[in-house]
Amino acid sequence: MDKGIAGRNVVVTGGTGALGAVVVDCLLQAGAICHVPAREARGANDARHERLHLVAGVDLVDEAAVDRFYDGIPQLWASVHLAGGFAMSGVTEATRADFMQQLEMNTLTAFLCCRAAVRGMRRAGHGGRIVNVAARPGLEPRRGAGMAAYTASKAAVAALTIALAEELKDEHILVNAIAPSTLDTPANRRAMPEADASRWLSPAAAAETILHLISSANTEVSGAVLPLYARA
Ligand SMILES: NC(=O)c1ccc[n+]([C@@H]2O[C@H](COP(=O)([O-])OP(=O)(O)OC[C@H]3O[C@@H](n4cnc5c(N)ncnc54)[C@H](OP(=O)(O)O)[C@@H]3O)[C@@H](O)[C@H]2O)c1
């Protein structure tokens with residue numbers, strides 16, 4: 001089905017990560033022009049498709065760097081915020097720095113990118129689509145034992161998503177999030193060799209959901225934080 005995304009400019013943060021690379025491939029296949037900010041250049045991977053623009057030297061916790069990156073994108077249609085990361089830590093072992101690292105990596109990056117994306121979409125003047133990535137413990141904090149900082153940072157992403165959807169509802173800018181359970185990634189397979197990976201979420205399924213949320217066919221769904229754990 002045509003997703004109405006061909007030729008449109010889409011930012012994918014974390015587009016060099018495990019989920020991000022699959023999302024970028026899915027969007028390229030749908031005809032999008034993908035802009036991926038990265039802290040470091042990746043060599044051959046940078047030029048794997050003519051519609052993939054990888055911009056190195058962008059740390060997404062740096063306000064000025066985020067704004068500069070978005071200022072360079074013409075006619076922004078959608079912004080998908082997958083940058084983030086996970087840390088386990090019992091509450092008494094976690095330092096202030098550990099807590100702030102989770103908030104910065106997961107919540108601040110999403111906030112700064114949402115803000116810059118909204119400015120870009122207003123400049124383009126045709127509405128837009130934003131998708132953030134929360135996580136299952138962000139929606140179900142009782143599952144966050146041993147990862148309280150991560151859980152709080154992802155719950156904040158979910159709240160940010162809903163608040164922004166409300167703020168932007170008269171501008172045709174739809175804001176949603178996905179809340180995945182454990183993804184089937186090489187890193188998770190290495191970290192949990194005994195686990196039943198057949199119950200994990202495939203990155204391709206997450207990518208299809210994101211593609212639908214940012215498509216022009218989606219005109220009604222905004223302020224949703226979608227649980228992606230039908231089998232977990
Ligand atoms: N994996 C799971 O089971 C799972 C489950 C639920 C939710 N999630 C969420 O899904 C997202 C993607 O997960 P993943 O497994 O694909 O993670 P990943 O492979 O570690 O990729 C994370 C990406 O985010 C980028 N990033 C992090 N901080 C950044 C910063 N300050 N500036 C620029 N880029 C930054 C990383 O870039 P560098 O390469 O430069 O570090 C990398 O491209 C994360 O937000 C994660 O919390 C994952």
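**Sheet, helix packing and ligand shell in a predicted model**

Apart from its neighbours within four places in sequence, Ala6 is in contact with Ala30 and Gly31, two residues being in contact if their C-beta atoms, placed from the backbone, lie within 7 Å. The structure is a predicted model, in which local features need pLDDT of at least 70 and side-chain atom pairs count only at pLDDT 80 or more, whereas totals for chains, interfaces and linings use all residues. Residue numbers start from 1 along each chain as its sequence is written.

Ala6 belongs to the segment before strand S1 (9–13); strands (E, at least two residues) and helices (H or I, at least four) are DSSP runs, numbered from the N terminus. Ala6 is exposed because 11 other C-beta atoms lie within 10 Å. Here a residue is buried if 20 or more other C-beta atoms lie within 10 Å of its own, exposed if 12 or fewer, and partly exposed in between, with C-beta atoms placed from the backbone.

Met192 is placed in the loop between helix H6 (186–191) and helix H7 (203–214). From Met192 to Asp62 the C-alpha separation is 33 Å, for two residues 130 apart along the chain.

Seven strands form an open sheet in the order S3-S2-S1-S4-S5-S6-S7, with parallel pairing; strands pair if DSSP finds at least two bridges between them. Strand S3 (52–56) and strand S7 (225–228) are at the edges and have a single partner strand each, so one side of each is without a neighbour in the sheet. From one strand to the next the twist averages 20°.

Within this sheet, strand S4 (residues 76–81) is mostly covered, six of its six residues being buried. S4 is joined to S1 by five bridges, in parallel, and Val12 has Val80 of S4 as its bridge partner. On pairing with S5, S4 forms four bridges, again in the parallel sense, and Val80 stands opposite Val131 in S5. Strand S5 (residues 128–133) is in turn joined to strand S6 (residues 173–180) by six bridges, the two running parallel. Val133 has Ile178 as its bridge partner in S6.

Two packed helices are described by the angle and the distance between their axes. For helix H2 (residues 63–71) and H3, the axes come within 9 Å and cross at roughly 30°. Axes are lines fitted to C-alpha atoms, for helices over the stretch in contact, and angles run from 0 to 180 degrees between N-to-C directions. The crossing of H2 and H3 is right-handed, that is, the near helix is turned clockwise from the far one by less than a right angle. On the H2 side the contact involves Glu63, Val66, Asp67 and Tyr70, which meet Leu112, Cys113, Ala116, Ala117, Arg119 and Gly120 in H3. The contact residues comprise six nonpolar, one polar and three charged. Ala, Val, Leu, Ile, Met, Phe, Trp, Tyr, Cys and Pro count as nonpolar, Asp, Glu, Lys and Arg as charged, and the others, including Gly, as polar.

The ligand is surrounded by 26 residues, of which Gly14, Gly17, Leu19, Leu60 and Gly84 are the closest; the criterion is a C-beta atom, placed from the backbone, within 6 Å of the molecule. Helix H1 (18–29) and helix H3 (96–124) are the elements that give two or more residues to this shell. H1 contributes the most, with three residues. By class, the shell contains 13 nonpolar, ten polar and three charged residues.
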